[in-house]
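Welcome! Here is a short briefing to read alongside the structure, topic by topic.

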Amino acid sequence: METAKKQEAVYTEPSDSAIGAFRAGTTNSGEIVISGLGKVYASKKSRFEALADIDLRIGSNEFVTIVGPSGCGKSTLLRIVAGLDELTDGSVTLDGDEVVGPGAERGMVFQGYTLFPWLTVRENIEYGPKLKGISTLERRTISNHFLKVIKLEKFASAYPKQLSGGMKQRVAIARALANRPKVLLMDEPFGALDAQTKLEMQEMLLEVWEKEKTTVLFITHDIEEAIFLSQRIVVMGANPGRILKTFHVKLPAQRTPEVREMPAFLALRRELGQLLKH
Ligand SMILES: Nc1ncnc2c1ncn2[C@@H]1O[C@H](COP(=O)(O)OP(=O)(O)OP(=O)(O)O)[C@@H](O)[C@H]1O
């Protein structure tokens, strides 16, 4: 019992140097280059061109959002970058290495809650590091760090069914980050949340992004979400899925709620709304 208490003390207060060593592994570059990408879904009876001529460079630590009408290929593009789907033309590289399959350096967060229901919050976060063979002590350091980042320290021992939708998505983000990804790929992660929770999650995600220095490629249907979060917005069109236009978001780096009232925000919202209407 005495030993267990001692161990817990070590676990709950990891030293600064331990966090430093952990974080040193997270600040990689994370540059994605998509060149001449095309995707055709073909079967014996049909052929469907889902994506054509996609050229996009996402810089290290950049936050880029993709918007576009339903069916224009946003998820297909993200899945190809994740290595979950194969391209039929062109290439995708991460820091110069061709993407040929899934990899821990690319973390995914989807709209559906994809936590393991039989594992606690802490165990969900530690899942990836455990698979990698990382020691119990170091795993504890990692989960403590991310429980703090997502502000769920008090729920470390809770099971997913005891959490709200927003809390589950926070754990999903922490679980992806615990693998020290260079890139976070997010497919409508807040799409199922109520309006207020969604706003809170957006602010939390920006805090996490600033702290963890990952590149983020984010998909949403919500124009305001895209503007609030991103440095750059890519608008896609359909048939075949392609890039129509790219916008640099000229808003202060610090995205406080007041940013939503700024003329630049409102003007961009109007322009994107017009573009997506057609
Ligand atoms: N496995 C598949 N086989 C054939 N066609 C597919 C397959 N997966 C997707 N598609 C088609 O590719 C197109 C792009 O789908 P995708 O899910 O990438 O679009 P999306 O822009 O993410 O849509 P949404 O915004 O509705 O989620 C759609 O027309 C879809 O029907």
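**Strands, helices and a ligand**

Strand S3 (residues 63-67) and strand S9 (residues 232-237) run parallel and are joined by 4 bridges. Keep in mind as you look around that this is a predicted model.

**How the strands pair**

- Val 67 has Val 235 in S9 as its bridge partner.
- S9 also pairs with strand S10 (residues 242-248), this time in the antiparallel sense, over 6 bridges.
- For Val 234, the bridge partner in S10 is Thr 246.
- The hairpin of S9 and S10 has 4 residues between the strands, and in this hairpin Asn 239 takes a positive phi near 55°.

- Helix H6 (residues 165-177) packs with helix H7 (residues 195-212) at an angle of about 15°, and their axes are 10 Å apart.
- Because angles under 35 degrees count as roughly parallel, H6 is roughly parallel to H7.
- The crossing of H6 and H7 is right-handed.
- On the H6 side, the contact is made by Gly 165, Gly 166, Gln 169, Arg 170, Ile 173 and Leu 177.
- H7 contributes Thr 197, Glu 200, Met 201, Met 204, Leu 205, Val 208 and Glu 212 to the contact.
- The residues of this contact between H6 and H7 divide into 6 nonpolar, 4 polar and 3 charged.

**Around the ligand**

- The ligand is surrounded by residues including Tyr 41, Phe 48, Ala 50, Cys 72, Lys 74, Ser 75 and Thr 76.
- Strand S2 (47-58) and helix H3 (74-82) are the elements that give two or more residues to this shell.
- H3 provides the largest share of the shell, 3 residues.
- By type, the shell around the ligand has 4 nonpolar, 6 polar and 1 charged residues.

Key
Residues numbered from 1 in each chain as written. Predicted model: local features only at pLDDT ≥ 70, side-chain atom pairs only at ≥ 80, totals over all residues. Near = placed C-beta within 6 Å. Nonpolar A, V, L, I, M, F, W, Y, C, P; charged D, E, K, R; others polar. Pairing = 2+ DSSP bridges. Axes fitted to C-alpha atoms, helices over the stretch in contact; angles between N-to-C directions. Parallel < 35°, antiparallel > 145°, perpendicular 65-115°, else oblique. Left-handed = near helix turned anticlockwise from the far one by under 90°. Contact = placed C-beta atoms within 7 Å.
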